[in-house]
Structure formats: structure tokens, C-alpha cells
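These are my notes from a first look through the structure. I went element by element and wrote down what I found.

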Amino acid sequence: MKSSAYLALFSLLIAGCSGTSSQSWEDLKTTGRYMQKGVDSLWGKDYESRMLTSDQEFIGPWDEEFIPLNHGDLRSQFATDMALPQPKGIPGMNGIPSLDHFYSPSGELAALFNSVHFETDEHILKNKSDVQAIFQIASYLKSHPSTYLVVAGHCDERASASYNMALGVRRANYVRSMLVKQGVDLNRIYTVSRGKEEPLASGHTPEVWRQNRRAEFKIYEK
Amino acid sequence: MKILSLLLLPLLLFGELEVALSTSSPLKPIYLTRCQLSAEETDWRLFEDLRQILEFDLNTGGFVSVLEVNDAWEKIDLSHPLWQQQKIPFVCLIQGSKNRLSVTLCQVDAKTSKKYPDLVLSGQIDDDRYQIHRLSNQIHKDLFGKAGIAGMKILYAQRSKNKPKEETEWSSNIWLSDIDGANPRQLTHEKGYCLSPGFLTEKNHYFYVTYRSGQAKICKASFHQPQGEVMVSLRGNQMLPAFSPKGGVMAFITDVAGRPDLFLQPLDKEGHMTGKARQLFSAPKATQASPTFSPDGTKVAFVSDKDGPPRIYVLPLASDGKPARPTLLTKQNRENTSPAWSPDGKKIAYSAKVDGIRQIWIYNFENDEEYPLTTGPENKENPAWAPNSHHLVYNTESEESCELFLIHLNSSDPVKITKGPGQKRFPAWGLY
């Protein structure tokens, strides 16, 4: 146990030799991630190589829309990262509402569809109250089958604008997948990214950044 | 052992990396006289403006640095030994009369002079400036064998605050201007958001990303057509497009498969979709962004955070369609985004976070080295190469202000090229 601790500390020292303080901190975090994965695998938690147990766990693209990566690669590597195809209906066509007709809920619904928040560089919701909020939204959507939802992913100012546009998409799709896992029809949920283009709060403090790292909801009730 | 480890740890975590930079400039000095006007000439302001444009073009060309005007030198003949004594290799004599501007360039060491054909001026600065641009490009070519960059065009996205009663706080549209920031012209007039413009090889055509339908879509437009047409008809969002310089294929990021993944779309000669888009790269719990093609179209560099903070990877595009593994390119810094492959294929410029500030860095393929191009307190993003692979334009990025800057590899002093209201970002350099 002692020798393992010294070995870990030595590794951290070596990692710290190569760069500035902020780079060393990033190296520490990366090292920590890999160490965590290694420890988890000893207890049977394997992030990247668990096979899906049934076809229901894997939902591929709608037929022939694009050429996906090899199904074998996807099934074996992405077991813990469920991805869902986009809704079949295109907004603004064939009875599907256009996205600019969606609105922020008001009154009683405003509290239900309150924004949920993310940690820095994360797309997964870790706060229990945010996860609970998603469950409540899912419950509402299941009992209101004519309600459509748009999930907008937002980021704080610290990463570049282009990366933040992609991270916002990641966050929106994660929330969508959570809702679908709770039984909401995936054809009623759309995703958009606003990156860091629409900050809720101005400033350069951790609290401002926390407020801006969010997913917002708009609905349309047919 | 325990005490030694604990004592060393803070030093290693909080120590600073020192970088030694060369202080000698590769730029050669050039002296530009004031515009010497004939007695009857009264429109000195026009000539002074044109002289300033010439000075700007020469200063930003990447080979010379224009010296400050020295009253004692103004009347010195071009053949006078003073120039050699002062180690000034090039002298430009500028003269103006009526509607003509005359420039004579003297190469001091070679003891040669060249008088350029007189510029016949219209009196309108917006037109006459292009004559100055052509002249400065010719001077560069005569002195160094390479034409300058004056008069080239750039595209960029300009973000502005909406009026208080509007539905959204911000809008962003695509603008076109000269590389010195002159003649800015708004191209798109969409109510929503437009980002990520770039020039297409088809003349007078460009692409951009629009959010007019709510989701991100890639559009193709011409300078004369008010609204672009959507190029890729996939569901979900499509963003951050890049076009292969060889033509025939486009790379972009889309969540059609439920994640922000890297996709390729084959195109025909007219730039229309042909065949299905192909999912090129995905990774568990990862976000992909910002593809850029190598000039021969055989590789694509892109951003992924699959191993932690976002970094730049290079993926070969196998002709047999089999998936390949990406190789990590940028190792020195940990947050690297917005890569841009140089047209000569030898470098990639990107934005790297160093001590909390995003700077423009260069990865050199010839020696596998990474080095910083910019310094200073402002965040810098979205570098875009000139066709000569020697100049870059990028934007600063902050909540308060975003402006475009021009820099070349021979200098660490960027030049601001935009001014006025609005936040200018996502620059792209024209092909002509």
C-alpha cells in the first residue's frame, strides 16, 4: 500500500516536470482519470470494452441517412455512451413545429423546465437535483404526448468559441438521451447548441461560469 | 523519502517554464519619404492617405519594416551615401501632382532605381487604394520574388447586440472586407446567427453556418445572393465545416448520430452533395470539433477531448474507407483548439491555452516542433492562413471586445485590422 502511494506520487512528480503549473494540473487530472479507470477495472467496471447485452441497448442511425462507423466498433466501445439518432420529423415540415415557435414555459411550468447545470468540461449531469429535474421533465413529457421539447446546450466563456459550439451539442444530446432513457419518445426532443454565445450572466467568476454552463428548455404544445 | 517528495512537489507544480525568444528581426528597413507635392497641388489629404496605405501594406507584407519619417532625410538624393551609412537598403521616393502619384524605389546596395508607372488617381480613396495595393505587391515581388498580400479579401462573422425588444440578445452575420479592414460589407442579413464562414474555390462563392431554422446548418452562398442554400440535408446540427483544397469532399461536425462527431460529405464539381455523408470519427463521451484538411486532401486534423482537455489529432483519410486511428499532434499544451492547416502543408496554426490565456501557436511538421506566435493578455482564436502560408489572421476573444489581427511569421507584432462596433470573429482568408 505504501509502495503504491510512493509510486503514484513519483508518477505525479515526473508529470509535473514537463510544464507550467496549469499544464501540470491538467496532467494530474489526466493521470487521475486513467488511475481511476485502472482501479475500477479491478472491481469489474470496464468503461470501454463491455459488450452490449441486447440489440435494444444499441440504437443505430435511421436507415440509410449516413454511413456509420463499423457497427462492431460502436457496439464494443460505446456501451456506456448511448447515442440516439435525431428525431425523424424535420422541424417546420409535415406537422412538426418550427423551432422558432418553441417558447420558454411560464407560470407553473417554468419551475419544472428550469435550466440544469454542468461541471467544467463535463457534459454529464452530476448534481442530484439536476438529475431529479430531468426525471420530472420526463414524467411530464410522457403524460403530455403532444408536447415537443428543444434542449439548448450552453457553455461558459473559458474555452474557445468553436469548441464550445460542439460541447454545447454534446450537453444537449446527453440531456436528450437521459429523457429518452426515462421513456420519452425520442422523436419529440430536438437539440441545439448555443456554445458560449448566449451567456446568462456577465463576469469572470466561478459563479458566473457555473450559471452559464447549462441546458435550457423550450417547449411547444400542439 | 516522504519528506523529500513533499518538499519537491510544490516546486515542480508551481515552477515556471522559461522560453528564450530571438530578438533580432528578419525584417529589412525601408524608408518612405513624405509625399512630395507639386506647388499647385491642394488635395494633400488624399496623397497622405495613400501614403499611409502604402506604408501599411509594406509593413504588413512580412519582409520590410517602414522607418519613421526623418525630416533631415527628406531632401536627400536617392544616390546619396547617407543611405548606405545608415544601413537602409531600400528607399522609396513618393511624389504627387494633380491626379498622379509617382513612386521610385531605390535599392541602395545594388545602386539601382526603378520608377514605377504613375498611378492615375480618381480622387476617391476607396478606388485609389487598390492601385496602391497593386503597387506594394509589385514592390514586394521586385525585392523578394514574392507578391504581397495587399488587396486580398477576408470573411468574418460580426456579432452585434440586438435592440432591447428583440427576441434574442445577439445576432451574428457574415461580412467581407479587405485584409487591411477597408471596405467592410455585410453579406448575410439573417435574423438569427451566422458563423464559421469560408471561401469556396468557386469564384465569388462562400460557405457559412446558419442557425435560421434553430439548428446549425451549413450553407453555400454567393456575394451577390442575399441568402445561402443549405448544403447538407442531415437531421440535427451540422457545424464547423472545412472543405478539402483538392475539392470533392467536406468535413464537418454533426450530432446526427447523437454525438458531436466528425463526418465527411462527398461533393460534386458544383459543390453539391453526392452520396451519403460518412461518420469518420467518434469516441466514448468525447466531443469532436474544428476539422481542417491537409492541402493534398489525404489527412484531416481536428479537435477532440477523448483523452481529457481538447487537443489536436491528425487522421489519415484511407481511400478504402476503413477507419483509421487518429494520432495526437499537439503535446506541449493541454487545451488546443481551432486548428488551421497551412496551404503549403508544412504547418498547423492553432489556439493553445498557456497560463490561462489562449495564444496562437504553430506546429511545424518539418521538425515536429510547436512554438508560440503571439503573446499578450488577450485570448486569441481562429487563426486562418493566407495563401502564401506566411501570414495569419485571427480574432481576439473576450466578452467586451473581439477584433481581427494580422500577423506574419517574421514578426511577433500583430496589427489590428478591424475597428468600429461589433465583435469580429471566425476570419477566413480569400483565395485571390
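How many residues lie between β11(B) and β12(B) in their hairpin, and which residue in the turn has a positive phi? I counted five residues between them, and N204(B) has a positive phi of about 65 degrees. Helices (H or I, at least four residues) and strands (E, at least two) are DSSP runs numbered from the N terminus.

Basis. I am reading a predicted model, in which local features need pLDDT of at least 70, side-chain atom pairs count only at pLDDT 80 or more, and totals for chains, interfaces and linings use all residues. Residues are numbered from 1 along each chain as its sequence is written, chains are lettered from A and ligands numbered from 1 in the order in which they are written, and side-chain values use heavy atoms, without hydrogens and water.

Entry 1, strand β12(B). I looked up its pairing first; two strands pair if DSSP finds at least two bridges between them. β11 (residues 194-199) of chain B is joined to β12(B) by four bridges, antiparallel, and F199(B) has Y206(B) as its bridge partner.

I then checked burial (buried is under 20% relative accessible area, exposed over 50%, partly exposed in between, with a 1.4 Å probe and protein chains only). Six of the six residues of β12 (205-210) are buried, so the strand is largely enclosed by the rest of the structure. H205(B), F207(B) and V209(B) point one way, while Y206(B), Y208(B) and T210(B) point the other.

A nonpolar core is a set of buried Ala, Val, Leu, Ile, Met, Phe, Trp, Tyr and Cys residues joined through side-chain atoms within 4.5 Å. The largest has 74 residues, and Y206(B) and Y211(B) are among those with the most contacts inside it. Helix α6 (residues 161-181) of chain A gives the most to this core, six residues. I listed contacts (heavy atoms within 4.5 Å) for Y211(B), leaving aside neighbours within four places in sequence: they include M165(A), R194(A) and M239(B).

I found S411(B) between β29 (404-408) and β30 (415-416) of chain B. At 13% relative accessibility, S411(B) counts as buried. Beyond four places in sequence, S411(B) is in contact with L27(B) and L373(B).
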